[in-house]
Amino acid sequence: MNHFVIAGARVFDGETSLGIVDVEVADGKIAGVGERPEGADLVDGSGATLLPGLIDAHTHTDAEALRQALTFGVTTEFDMLSMPQQMIPLRRKAAASNDLADVRSPSIGLTPAGGHPQQLRKGEGDPPWPTAASREEVAAFVEDRIAEGADYLKVLVEDGRLFGSAPLPRLAPELVAATVRESHRRGKMVLAHAMTVETAEQVVDAGVDGLTHLFFDRPHTAEVVGKIAAADTFVIPTLTVIASITGEPAGRRLAEDRRVRPKLAAEWRENLSGAMATIPREHFGYALETLSALKEAGVDVLAGTDAAHLGAPGMAHGASLHDELRLLTTAGFTPTEALRAATSVPARRFGLADRGRIKPGLRADLVLVAGDPTVTIGDTLSIRRVWRNGS
Ligand SMILES: [Zn+2]
């Protein structure tokens, strides 16, 4: 069994800063906060800050990605669409392997035949995608995903134009509403990809639980922000992928960081340095303004990157979440608010009561970083040590 105390570090518990307190870990769990038992091994935390393991609330993942994510202190990824035949064994493996980040997934998402994101996955060797074109088919679709082990359902309402595609078939609002009804009846959340003001309003009206991106086709309206707040829909902004789509050079700067470079293979550095750049830069400004309006309205915001496979440029698993936190601060989040968005808020909204906080009884998913990211958000990258399940 492992039993140790992280001593002398500042502690951010997922909600607030506790000052310098000792954190005791035993058998993979947080055993105590603020106590130092006799005889326990000490890990020197002086000059550092202890954080809950970080959660990336929007990825598309595999075993290598989860391994890389963990080296950056990301101890849980919420996958947002993967092939079921890959995800089921991966979930089992991740649950049992302390050298991989843990993962949750909706399995495949609901999109029309030939719909987004299939145009971006050419060459990935995907089997035919299940879909649904009527309410009855939606019921079967939801049932199949749950049988595959989906933790939540995903719908995509996207015609592909923001990604530079010719218009693709877009999921009809009544099919989104049917997915919400069927999923909620079975106790599962529904998350929606909607990147325009119009489609975001549609999916919020249909009752989805969360948006997997900000919308950024044009400046937001007070109406859409008011609807999201009134419905208590959460938002995963994914400024990282929006930076890529709009050609902001955020990934390139991150790839050059001396704390990032040695941890990424050359092909991932190259991937991170790239950008999709399919629409003008000004749209990135719309996203930042929308995010600060959502924050003002009290909407729950979860940090997520959309890190995916090689060939989806501008992102890298693990590394990009740190840049997402920095980008949140450029939209008016305090460093503490940004840290909550990657710890306690995603754990609460996804019902994972065993993580996201530093509290006795929770999983010892922890990151020790030099400096104080509650003051300087970039300090999250100065990683000294990562623990998953206390090891
Ligand atoms: Zn995605």
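These legends walk through several close-up views of one predicted model. Because it is a predicted model, local features need pLDDT of at least 70 and side-chain atom pairs count only at pLDDT 80 or more, while totals for chains, interfaces and linings use all residues. Residues are numbered from 1 along each chain as its sequence is written, and side-chain values use heavy atoms, with hydrogens and water left out.

**View 1. The zinc ion is held by H58, H60 and D306.**
Start at the metal, where the protein donors are H58 (NE2), H60 (NE2) and D306 (OD), at 2.0 to 2.2 Å from the zinc ion. Donors here are N, O and S atoms within 2.8 Å of the metal (3.2 Å for Na, K and Ca); water is not among the atoms, so sites may look incomplete. Along the sequence, the spacing of the donor residues reads H-x1-H-x245-D. The pair H60 and D306 links distant parts of the chain, 246 residues apart. H60 sits in the loop between β8 (54-59) and α1 (63-71), and D306 in the loop between α10 (282-296) and α11 (319-330). Helices (H or I, at least four residues) and strands (E, at least two) are DSSP runs, numbered from the N terminus. Are H60 and D306 buried or exposed? Both are buried, where buried means under 20% relative accessible area, exposed over 50% and partly exposed in between (1.4 Å probe, protein chains only).

**View 2. Four strands form an open sheet in the order β5-β4-β1-β6.**
The pairing in this sheet is mixed. β5 and β6 (41-44) stand at the edges with a single partner strand each, so one side of each has no neighbour in the sheet. From one strand to the next, the twist averages 30 degrees; axes are lines fitted to C-alpha atoms, for helices over the stretch in contact, and angles run from 0 to 180 degrees between N-to-C directions. Two strands pair if DSSP finds at least two bridges between them.

**View 3. Strand β4 (residues 23-26) is covered on both faces.**
Strand β1 (residues 3-7) pairs with β4 in the antiparallel sense over four bridges. Across this pairing, H3 has A26 of β4 as its bridge partner, and I6 stands opposite V23 in β4. Strand β5 (residues 29-33) also pairs with β4 in the antiparallel sense, over four bridges, and here E24 stands opposite G32 in β5. The hairpin of β4 and β5 has two residues between the strands, and in it D27 takes a positive phi near 55 degrees.

**View 4. The peptide bond from H116 to P117 is cis.**
Omega for this bond is near 5 degrees. To find P117, follow the loop between β10 (102-104) and α3 (135-148).

**View 5. D232 and A277 have positive phi values without being glycines.**
For D232, phi is near 60 degrees. D232 lies in the loop between α6 (222-231) and β14 (234-235), and its relative accessibility of 46% makes it partly exposed. For A277, phi is about 50 degrees. A277 belongs to the loop between α9 (266-273) and α10, and with 49% relative accessibility it too counts as partly exposed.

**View 6. The largest cavity has a volume of about 40 Å³.**
On a 1 Å grid over the protein atoms alone, a cavity is a set of points where a 1.4 Å probe fits but cannot get out, and lining residues have an atom within 4 Å of a point. Grid points are joined across faces, edges and corners, and a volume is the space filled by probe spheres set on the points. How many cavities of 30 Å³ or more are there? The count comes to two. Residues lining the largest cavity include T240, L254, L272, D323 and L327. Two or more lining residues come from each of α7 (239-245), α8 (250-256) and α11. By class, this lining has five nonpolar, four polar and one charged residues. Ala, Val, Leu, Ile, Met, Phe, Trp, Tyr, Cys and Pro count as nonpolar, Asp, Glu, Lys and Arg as charged, and the others, Gly among them, as polar.

**View 7. The second largest cavity holds about 40 Å³ of space.**
Among the residues lining the second largest cavity are S244, E248, G274 and A275. The elements giving two or more residues to this lining are α7 and α8, and the largest share, three residues, comes from α7. By class, the lining has three nonpolar, five polar and one charged residues.

Key. 1 Å grid on protein atoms, 1.4 Å probe; cavity = no way out; pocket = protein on both sides within 12 Å on 5 of 7 lines; lining within 4 Å.
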